[in-house]
Amino acid sequence: MAMASLYRRSLPSPPAIDFSSAEGKLIFNEALQKGTMEGFFRLISYFQTQSEPAYCGLASLSVVLNALSIDPGRKWKGPWRWFDESMLDCCEPLEVVKDKGISFGKVVCLAHCSGAKVEAFRTNQSTIDDFRKLVVKCSTSDNCHMISTYHRGVFKQTGTGHFSPIGGYNAERDMALILDVARFKYPPHWVPLKLLWEAMDSIDQSTGKRRGFMLISRPHREPGLLYTLSCKDESWISIAQYLKEDVPRLVSSQHVDSVEKIISVVFKSLPSNFNQFIRWVAEVRITEDANQNLSAEEKSRLNLKQVVLKEVHETALFKHISKFLSSVNYEDSLTYAAAKACCQGAQILSGCSSKEFCCRETCVKCVKGPGETEGTVVTGVVVRDGSEQKVDLLVPSTQTECECGPEANYPAGNDVFTVLLLALPPQTWSGIKDQALMQEMKQLISMAALPTMLQEEVLHLRRQLQLLKRCQENKEEEDLAAPAY
């Protein structure tokens with residue numbers, strides 16, 4: 001039986017003007033001469049077609065994040081870190097997006113969660129004049145880009161709600177360039193800005209709220225250099241609830257008379273799958289040469305991670321946590337952590353999601369970087385279906401002096417637990433009955449006492465926690481602002 005299919009749609013013109021038409025080229029050239037196409041070149045360099053009919057929001061965000069050169073901090077395919085629609089899953093499961101699409105608030109949440117700086121407005125929170133000024137701002141710079149969500153019907157196009165980046169602006173004609181991510185349907189096209197505002201000033205039936213636009217720009221540094229939260233596993237909901245509700249209740253309802261007692265109460269009640277929720281970010285690569293040196297880029301990134309790790313190790317809270325974990329004989333060896341990370345790395349590098357990988361052995365070695373500086377690499381021999389693969393794991397470390405000489409310290413449970421407690425909101429500890437102890441705890445988690453890089457790392461985790469809480473409470477459509485710290 002023949003299956004009905006479609007090959008593109010004819011672009012209704014007017015009101016839209018095809019970007020590649022003679023008139024479209026003229027409009028582009030006019031705008032280029034006036035300097036309002038600066039953002040276009042980065043966007044077009046990273047432009048992509050949405051991979052699913054309902055992925056317009058995810059594709060638009062991927063284009064913008066890559067155009068801004070924001071490092072996702074995790075692998076896409078092979079050894080490459082890159083934003084792809086498949087990685088934008090921290091605010092809505094991909095299967096839900098594939099089936100129902102995504103709302104404006106969820107795309108804003110995804111942009112925040114990906115580490116970008118975001119300013120978002122529904123049309124009832126702005127004016128057409130303000131919108132025009134912001135379009136000009138992004139069109140005359142390549143440091144920020146705009147995503148618009150609008151109703152296609154206003155342009156006489158088929159379909160309803162849609163997302164796409166705004167690629168430029170022609171001031172004389174008051175026209176904006178829509179880089180339509182549904183390239184299988186419509187090409188990029190120019191539209192009157194007033195009409196674009198009208199298309200945005202419509203109600204999204206799924207939320208009952210107006211559509212709008214968002215400006216996305218780079219943060220002043222990459223978020224999550226060393227630590228990150230993960231909500232890929234559904235268990236994050238129970239863990240988020242534990243952190244938000246159970247921890248404040250536990251420290252207020254039980255008799256705690258010391259910092260170690262507080263840590264004990266929190267630690268001993270942790271959900272069993274807690275280590276899947278927060279983790280240190282491991283970087284992997286295929287072992288091509290046993291003597292392969294670190295590249296300048298790898299060494300630079302490793303150095304930054306080592307600074308953050310050192311700053312964690314120097315906090316007073318870390319010393320309390322290490323003391324407690326030592327008292328309960330908690331062990332978190334580099335060999336065990338590296339074996340798990342090597343298996344995960346092998347899955348990523350092979351593109352296989354199977355759980356059948358196992359690490360047969362690991363070997364810690366020092367390799368040279370630029371300037372003859374050293375870095376720590378763990379090589380794991382990973383086995384699957386009888387075949388072996390060597391995986392390199394780049395590991396940050398710090399040095400401490402002990403009786404037997406310098407000792408290397410690697411990321412482990414004590415520092416991961418430390419940064420998570422630092423990231424919890426200060427009011428978490430307000431219920432402690434002993435006022436002196438409460439003040440001591442607040443002093444230990446005070447942001448003002450932390451070095452700059454660790455402050456930013458903790459703020460990133462705190463932002464992730466706030467976004468997860470916002471999504472858990474279904475408030476992402478009501479609150480578009482960046483999470484308050």
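## Cysteines

Cysteine 56 is buried, at a relative accessible area of 8%. This value comes from a predicted model. Cysteine 144 is buried too, with a relative accessible area of 8%. Both count as buried because the cut-off is under 20% relative accessible area.

A disulfide is a covalent bond between the sulfur atoms of two cysteines. The structure holds zero disulfides.

## Strand β5

Strand β5 covers residues 144-151. Seven of its eight residues are buried, so β5 is largely enclosed by the rest of the structure.

β5 has pairing partners. With β11 (residues 212-217), β5 pairs in the antiparallel sense over five bridges. Within that pairing, isoleucine 147 has methionine 214 of β11 as its bridge partner. β5 and β6 also run antiparallel, joined by six bridges. Here tyrosine 150 stands opposite histidine 162 in β6.

In a regular strand, side chains alternate between the two faces of the sheet.

## Second largest pocket

The second largest pocket has a volume of about 670 Å³. Its lining comprises 35 residues. Nearest the centre of this pocket lie Lys100, Gly101, Ile102, Thr160 and Gly161.

α4 (94-100) and α5 (104-113) each supply at least two lining residues. So do the strands β5 (144-151), β6 (161-170) and β9 (203-204). By class, the lining has 13 polar, 12 charged and 10 nonpolar residues.

Methods
Residues numbered from 1 in each chain as written. Predicted model: local features only at pLDDT ≥ 70, side-chain atom pairs only at ≥ 80, totals over all residues. Heavy atoms only, no water. 1 Å grid on protein atoms, 1.4 Å probe; cavity = no way out; pocket = protein on both sides within 12 Å on 5 of 7 lines; lining within 4 Å. Points joined across faces, edges and corners; volume = space filled by probe spheres on them. Helix = DSSP H or I, 4+ residues; strand = E, 2+ residues; numbered from the N terminus. Nonpolar A, V, L, I, M, F, W, Y, C, P; charged D, E, K, R; others polar. Buried < 20%, exposed > 50% of the residue type's maximum accessible area, 1.4 Å probe, protein only. Pairing = 2+ DSSP bridges. Disulfide = S-S within 2.5 Å.
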